[in-house]
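Open the model in your viewer and keep the selection tool handy. We will walk from one side chain to the next.

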Amino acid sequence: VGYTLPFKIIGAPWIDGEKLSLALNDKNLPGVIFHPFHYKPYYGTFKDQLCTGVRIVVKDTKVYKPFSTAIAIMEVLLKMYPEKFDFSRKDIKDRISTFDRVCGTDMIRKKLVSGENFQSIENWYEPQLRDFFKKREKYLLYQ
């Protein structure tokens with residue numbers, strides 16, 4: 001938030017972009033790589049503060065899985081910065097509720113907090129996703 005690359009960067013003043021990029025690239029996520037990135041947001045929470053983090057570079061849109069990538073990013077951030085991603089904090093209750101709504105369930109958050117990795121979480125939701133895609137086929141107007 002606050003910079004010219006929406007959905008393409010992740011950063012904060014307390015993130016080590018070099019370490020985060022190494023940890024994320026070690027996941028070998030399909031179709032995406034991560035580069036260390038430094039920037040100063042123009043507005044928002046960290047306005048005018050130097051933020052470090054990663055730039056998300058999609059290399060192959062045919063194999064890239066944005067949702068799974070987001071879960072992997074959350075997994076790494078939870079491990080690297082547990083004090084910043086404490087889902088039990090009362091002061092971020094609204095954000096937790098929003099996260100759960102965006103995911104469609106509270107189970108993804110609970111699985112992340114319990115230490116499950118993104119692959120395990122993906123394996124959990126993948127059958128449900130396949131069922132959804134099957135059900136929606138008859139409603140699609142275009143192929």
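Select Tyr39 to begin: at 7% relative accessibility, this residue counts as buried, since buried means under 20% relative accessible area, exposed over 50%, and partly exposed in between (1.4 Å probe, protein chains only). You are looking at a predicted model, where local features need pLDDT of at least 70, side-chain atom pairs count only at pLDDT 80 or more, and totals for chains, interfaces and linings use all residues. Residues are numbered from 1 along each chain as its sequence is written, and side-chain values use heavy atoms, leaving out hydrogens and water.

Phe37 and Tyr39 make a tilted aromatic pair, 5.7 Å centre to centre with 35° between the planes. Rings of Phe, Tyr and Trp (its six-membered ring) pair if their centres lie within 6.5 Å; planes under 30 degrees apart are stacked, over 60 edge-to-face, and the rest tilted.

The structure holds eight aromatic pairs. Another of them joins Tyr3 and Phe37 edge-to-face, at 6.2 Å centre to centre and 70° between the planes. Tyr3 sits in the segment before strand 1 (9-12) and Phe37 in strand 2 (residues 32-39), so this pair ties together parts 34 residues apart in sequence. Strands (E, at least two residues) are DSSP runs, numbered from the N terminus. Tyr3 itself counts as partly exposed, at 25% relative accessibility.

How values were computed. Helices (H or I, at least four residues) and strands (E, at least two) are DSSP runs, numbered from the N terminus.
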